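The following paragraphs lead the reader through the structure shown below. They begin with a pair of helices and then turn to the chain as a whole and to its domains.

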Amino acid sequence: MKAVPISFCLNGHPVSTSIDSDLRAIDLLREGFGLTGVKEGCGRGECGACTILLDGRPVNACLLLAAKLDGCEVLTIEGLASADGTLHPLQSAFLEVGAVQCGFCTPGMILAAKSLLDTCPDPSEEEIAYALSGNFCRCTGYSKIIKAVRLAAQEKMR
Ligand code: FES
Ligand code: FES
């Protein structure tokens, strides 16, 4: 196995490390950097629990080689709140609406929703459902999640 040096921006901070060429991004983030908000559900690209934003786009960290993070901007749920601890409008809206039950899907859901709101600030319920269609929730029935994303969009536009 080959050791590969990589450097990238992780939650706003430059990081450099050396990794095995076959290491998955989810393992580097969880075990190398302690970012356990990146959840492993299925481990095969089906549930979205491991969603991170890579240069602003949602990707499944369980399917991504860590080497692909090189040179990229990586955002996990740990980097979403402001430095002073103020929650992102999506985080506040999920709490306000009650869109979190067990919470396992929540980091991936919120990051996928962030990517949507960054490109489509006032999405319809259909657009939200489509954007979150790769993220599974076993608990909430989705309606509160969609409501929370709508609320966050309205808050951001104020
Ligand atoms: S753990 Fe990555 S998609 Fe399910
Ligand atoms: S809140 Fe439990 S899986 Fe979504």
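Helix α2 (residues 89–97) and helix α5 (residues 143–157) cross at roughly 135 degrees, and their axes come within 8 Å. Axes here are lines fitted to C-alpha atoms, for helices over the stretch in contact, and angles run from 0 to 180 degrees between N-to-C directions. The two helices, α2 and α5, are therefore oblique to each other; angles under 35 degrees count as roughly parallel, over 145 as roughly antiparallel, 65 to 115 as roughly perpendicular and the rest as oblique. On the α2 side, the contact is made by Pro89, Leu90, Ala93, Phe94, Glu96 and Val97, while the residues of α5 include Lys144, Ala148, Leu151 and Glu155. Two residues are in contact if their C-beta atoms, placed from the backbone, lie within 7 Å. By type, the residues of this contact of α2 with α5 are nine nonpolar, no polar and five charged. Ala, Val, Leu, Ile, Met, Phe, Trp, Tyr, Cys and Pro count as nonpolar, Asp, Glu, Lys and Arg as charged, and the others, Gly among them, as polar.

This is a predicted model, in which local features need pLDDT of at least 70 and side-chain atom pairs count only at pLDDT 80 or more, whereas totals for chains, interfaces and linings use all residues. Residues are numbered from 1 along each chain as its sequence is written, and chains are lettered from A and ligands numbered from 1 in the order in which they are written.

Helix α2 also packs against helix α3 (residues 106–119), at an angle of about 130 degrees and with the axes 10 Å apart. That makes α2 oblique to α3. Leu90, Gln91 and Phe94 of α2 meet Thr106, Ile110, Ala113 and Lys114 of α3.

The chain holds five helices and five strands, in the order β-β-α-β-β-β-α-α-α-α along the sequence. Helices (H or I, at least four residues) and strands (E, at least two) are DSSP runs, numbered from the N terminus. The C-alpha atoms of the chain fill a box of roughly 45 × 30 × 25 Å along the principal axes.

An automatic or database assignment gives domain 1 (3–79) and domain 2 (89–157). Their centres, taken over C-alpha atoms, are 21 Å apart. In the contact between them, 16 residues of domain 1 meet 13 residues of domain 2. On the domain 1 side, β3 (51–54) and β4 (57–60) each supply at least two residues, and β3 gives the most, with three.
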